[in-house]
Amino acid sequence: MAKTADTIAIYSRKSRYTGKGESIGNQIDLCREYIRTHCGDAAAEHAVVFEDEGFSGGNLNRPDFKKMMTAAKERKIRAIVVYRLDRISRNISDFSSLIEELGRLGIDFVSIRESFDTSSPMGRAMMYIASVFSQLERETIAERIRDNMHELAKTGRWLGGTTPTGYASESVKSITVDGKTKKACKLKLLPDEAEIIYKIFDLYEQYDSLTMTETELLRQGVKTKTGRSFTRFSIKSILQNPVYLIADKDAYQYFVDNEAELFAPESDFDGIPAQSQEKGQAILHKLK
């Protein structure tokens, strides 16, 4: 649809597809209805839609958002309408820069959920205030998630993501929280992959060089769990990963000496005999 200087842009965003609630389609319909009520049927029918599904509101690096701003700079739109303020951004710095840029371009910005309109000084002021609370909400949620993950990690659970080479994620039990059943997982040793880890440590001990270790792994055709060749960076990451260190008193003292955050008391290791950790600790010291 061709854009003109009288065109109104509708912008919609959702972090992930759910098919319900504030879906992309629902946001567009509500914005179009707002335009119809305030600007007439013609403006609503000719409104240009920009939509980003599967993109976070934490930054402005979104394809359709960039297209919309290009149209704005080319004076092809006269206003931007969104369903809710945080559909544009949850970052106060990004939001402030955006509103200032739109102001310089003479383009109005309307958020229908909060009834904010930058065409008036009060509307601009209220929008800045609302964006501050939007960022506060985002940061509070992120902090709560980090705290929850931290507490779960203390129990020894595997919290998700790519498992370390030599291990797989294994469901050990199901727990019910607020009527919802959730799985708890732990790492399960994979003997074939574990042999690769042993080989990497042995080669590094032999050559005392990441480059030589990489070269030897390439010569032997040893691949990562995703089928790629090992690099110096992936080898270093393995050598520094605490998951490969034996959990004994020597290991505990090593982390104490290096001021790591520990949650298990030393008494938990009383029944575990000290192992020979000189190799692993020497490697960790070298790679710091």
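Predicted model: local features only at pLDDT ≥ 70, side-chain atom pairs only at ≥ 80, totals over all residues.

Guide: Two strands count as a pair if DSSP finds at least two bridges between them. The strands themselves, and the helices, are DSSP runs numbered from the N terminus: a strand is E over at least two residues, a helix is H or I over at least four. Residues are numbered from 1 along each chain as its sequence is written, and side-chain values use heavy atoms, with hydrogens and water left out.

On one side, strand 3 pairs with strand 1 (residues 8–14) in the parallel sense, over 4 bridges. Strand 3 also runs parallel to strand 4 (residues 108–111), and 4 bridges join those two.

Look at the two faces of strand 3 next. Ala79 and Val81 are on one side, Ile80 and Val82 on the other, and all are buried (buried is under 20% relative accessible area, exposed is over 50%, partly exposed is in between, with a 1.4 Å probe and protein chains only).

Now the helices. Two packed helices are described by the angle between their axes and the distance between the axes. Helix 6 (residues 191–207) and helix 7 (residues 210–220) pack at about 130°, with axes 9 Å apart; the axes are lines fitted to C-alpha atoms, for helices over the stretch in contact, and angles run from 0 to 180 degrees between N-to-C directions. That makes helix 6 oblique to helix 7, given that under 35 degrees is roughly parallel, over 145 roughly antiparallel, 65 to 115 roughly perpendicular and the rest oblique. The residues that meet include Ile200, Leu203 and Tyr207 from helix 6, and Leu210, Thr213 and Leu217 from helix 7.

Helix 6 also holds Glu193, which counts as buried at 18% relative accessibility. Leaving aside residues up to four places away in sequence, Glu193 touches Pro164, Thr165, Gly166, Tyr167 and Lys225 (contact means heavy atoms within 4.5 Å).

Carry on past helix 7 and you reach Thr231, in the loop between helix 7 and helix 8. Thr231 is partly exposed, with a relative accessible area of 33%. Thr231 and Thr215 are 16 residues apart in sequence and 8.9 Å apart in space, C-alpha to C-alpha.

To zoom out: the protein chain has 10 helices and 7 strands, and 35% of its 288 residues count as buried. Among contacts between residues at least 6 apart in sequence, 61% join residues at least 24 apart.
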